[in-house]
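Please read these notes with the sequence and the model open side by side.

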Amino acid sequence: MTTLVRTPKGPPLLTIDREFSTVCRRLNDEELAALHAQLARDPSRIEIVVWVDPADKNKLLRIVDGRHRYEWCQANGVKYIVKTLKPAEFPDRASVVSWMAEHQLGRRNIKTSEEESYLRGKRYVAEKKEA
């Protein structure tokens with residue numbers, strides 16, 4: 001299931017995909033406040049990474065990195081840069097989930113070994129689906 005979110009002033013329609021949004025945890029209030037402060041200081045380089053499912057006839061742009069940045073941009077009417085994962089490198093949802101977990105593991109906001117184990121598990125399951 002997906003949630004369609006229309007962007008202000010005509011940028012592309014982006015989609016917050018339920019499965020993808022569960023790969024990474026939501027930020028807590030303190031982390032969100034820090035992110036919002038950072039975005040407010042330099043809103044000119046905000047990037048949102050999306051993926052287009054080759055099997056999707058509607059060609060929805062599904063957010064795979066930047067959900068919290070996107071929500072802040074929506075709330076504040078700020079423009080952002082959309083980067084798209086290459087379909088040849090990410091042919092299916094499993095390859096995207098694997099990328100998301102790997103990408104998230106390299107971030108500073110992974111605070112517990114439990115969270116790290118969860119992401120490694122998500123990546124493992126996604127890679128098994130690919131094989």
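Where is the place of phenylalanine 90? Phenylalanine 90 sits in the loop between β5 (81–84) and α4 (93–105). Helices (H or I, at least four residues) and strands (E, at least two) are DSSP runs, numbered from the N terminus.

1. Basis. This is a predicted model, in which local features need pLDDT of at least 70 and side-chain atom pairs count only at pLDDT 80 or more, while totals for chains, interfaces and linings use all residues. Residues are numbered from 1 along each chain as its sequence is written, and side-chain values use heavy atoms, with hydrogens and water left out.

2. Surroundings of phenylalanine 90. Its relative accessibility is 11%, so phenylalanine 90 counts as buried; buried means under 20% relative accessible area, exposed over 50%, and partly exposed in between (1.4 Å probe, protein chains only). Setting aside neighbours within four places in sequence, phenylalanine 90 is in contact with Trp51, Leu85, Ser95, Val96 and Trp99, where contact means heavy atoms within 4.5 Å. Proline 54 is 36 residues apart from phenylalanine 90 along the chain, and their C-alpha atoms are separated by 9.2 Å.

3. Strand β4. Five of the five residues of β4 (residues 61–65) are buried, so the strand is largely enclosed by the rest of the structure. Two strands pair if DSSP finds at least two bridges between them. β4 runs parallel to β2 (residues 14–17), with two bridges joining them, and leucine 14 stands opposite leucine 61 in β4. With β3 (residues 47–51), β4 runs antiparallel, joined by three bridges; here valine 50 stands opposite isoleucine 63 in β4.

4. Aromatic pairs. Rings of Phe, Tyr and Trp (its six-membered ring) pair if their centres lie within 6.5 Å; planes under 30 degrees apart count as stacked, over 60 as edge-to-face and the rest as tilted. The count by this rule is three aromatic pairs. One of them joins phenylalanine 20 and tryptophan 51 edge-to-face, at 5.9 Å centre to centre with 65° between the planes. Because phenylalanine 20 lies in helix α1 (residues 18–23) and tryptophan 51 in strand β3, this pair ties together parts that are 31 residues apart in sequence. Phenylalanine 20 and tryptophan 51 are both buried.

5. Back to phenylalanine 90. Phenylalanine 90 and tryptophan 99 form an edge-to-face aromatic pair, 6.3 Å centre to centre and 80° between the planes. Tryptophan 99 has 22% relative accessibility and therefore counts as partly exposed.

6. Charge over a ring. Arginine 93 lies over the face of phenylalanine 20, at 4.5 Å from the ring centre. The rule requires NZ of Lys or CZ of Arg within 6 Å of the ring centre and within 35 degrees of the ring normal.
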